[in-house]
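Hi,

Here is the structure I said I would pass on.

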Amino acid sequence: VSERLIHLYDCNDLINIIGQVGLDVSPATLIPHYDEDSSTLFLSGKGDSVIFAYEVATDSPYFHPLSHYKCQNPHQCISFLPKFVCNVQEVEFARAVRLTSSTIEPMSFHVPRLRSEYFQDDLFPPTRKNWEPSMTSSEWFSGINKPVEILDMKPNEMIPLSEAPPPVKAGSNKPSNTSPRIAFEGEVVLQSSLAFLQNSKEKEEKIKQSMSSQCELQQSSLPQEEFEGVDPDEWVS
């Protein structure tokens with residue numbers, strides 16, 4: 001049975017396995033791509049139609065499954081593009097192209113964030129420029145050792161999320177103690193408003209008079225009042 005597994009080793013001890021997770025059963029060899037900025041591991045192989053994604057942690061259980069990317073048809077291979085092509089304004093942390101039997105399809109991986117108007121500096125730390133050499137071959141053969149250059153992904157016009165003000169909770173605004181002020185736009189509006197109120201009062205008085213005339217109470221006695229009562233001798237015990 002060709003069960004595909006992921007093993008995690010300590011770089012100082014390549015014998016003992018510290019983490020393991022099983023994927024599926026397939027003869028295809030998995031090709032990993034690790035994004036160290038987000039600690040995300042992408043896995044897929046030739047003939048697969050699923051791209052597995054895991055977040056790698058420093059403590060047990062080490063592998064935390066993410067939403068796997070399911071494709072409509074199998075692919076031949078996948079190539080992830082350099083980090084600088086990602087659109088940080090849309091919280092895109094990885095981009096790749098997928099080669100099928102007849103097409104080359106672009107793929108984009110995003111992280112949903114509530115305050116996406118700020119630069120997500122926890123997701124986009126200064127990244128290594130691994131698409132550019134830090135020194136020439138002659139420098140390397142001569143024993144020179146240079147660190148890899150670093151690229152700051154933050155655009156100049158964006159504020160880091162770590163420096164953003166705290167979000168305002170809904171309903172936290174206190175009502176104002178001052179009453180709202182009403183401003184009239186000239187004397188014409190004020191006069192027309194007073195005339196409208198006066199006409200409304202006159203109409204109200206006319207309606208009351210009309211209702212009173214229609215619902216006038218009769219002063220005559222009721223027929224029940226003319227009935228005589230029962231004589232006490234007529235009661236049967």
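This is a predicted model: local features need pLDDT of at least 70, side-chain atom pairs count only at pLDDT 80 or more; totals for chains, interfaces and linings use all residues.

β1 and β2 form a hairpin with 2 residues between them; strands here are DSSP runs of E with at least two residues, helices are runs of H or I with at least four, and both are numbered from the N terminus. The two strands, β1 (residues 3-10) and β2 (residues 13-25), run antiparallel and are joined by 7 bridges, and DSSP has to find at least two bridges before two strands count as paired.

Residues are numbered from 1 along each chain as its sequence is written, and side-chain values use heavy atoms, with hydrogens and water left out.

On the whole protein, there are 12 strands and 2 helices. Starting at the N terminus, the order is β-β-β-β-β-β-β-β-β-β-β-α-β-α. The protein has 237 residues, and 23% of them count as buried, meaning under 20% relative accessible area with a 1.4 Å probe, protein chains only.

Now the pockets. A pocket is an open set of points on a 1 Å grid over the protein atoms alone, where a 1.4 Å probe fits and protein lies on both sides within 12 Å along at least five of seven lines; lining residues have an atom within 4 Å of a point. Volume is the space filled by probe spheres set on the points, with points joined across faces, edges and corners.

The largest pocket comes to about 360 Å³. Its lining has 19 residues, with Thr-40, Leu-66, Phe-93, His-110 and Val-111 nearest the centre. β4 (40-44), β5 (50-56) and β10 (104-110) each give at least two lining residues, and β5 has the largest share, with 3. By type, this lining splits into 10 nonpolar, 5 polar and 4 charged residues (nonpolar is Ala, Val, Leu, Ile, Met, Phe, Trp, Tyr, Cys and Pro; charged is Asp, Glu, Lys and Arg; the others, Gly among them, are polar).

The second largest pocket has a volume of about 260 Å³. It is lined by 17 residues, and His-33, Asp-35, Leu-81, Lys-83 and Asn-130 are the closest to its centre. Two or more lining residues come from each of β3 (31-35), β9 (92-99) and β11 (127-128).

Cheers

Notes
Buried means under 20% relative accessible area, exposed over 50%, partly exposed in between (1.4 Å probe, protein chains only).
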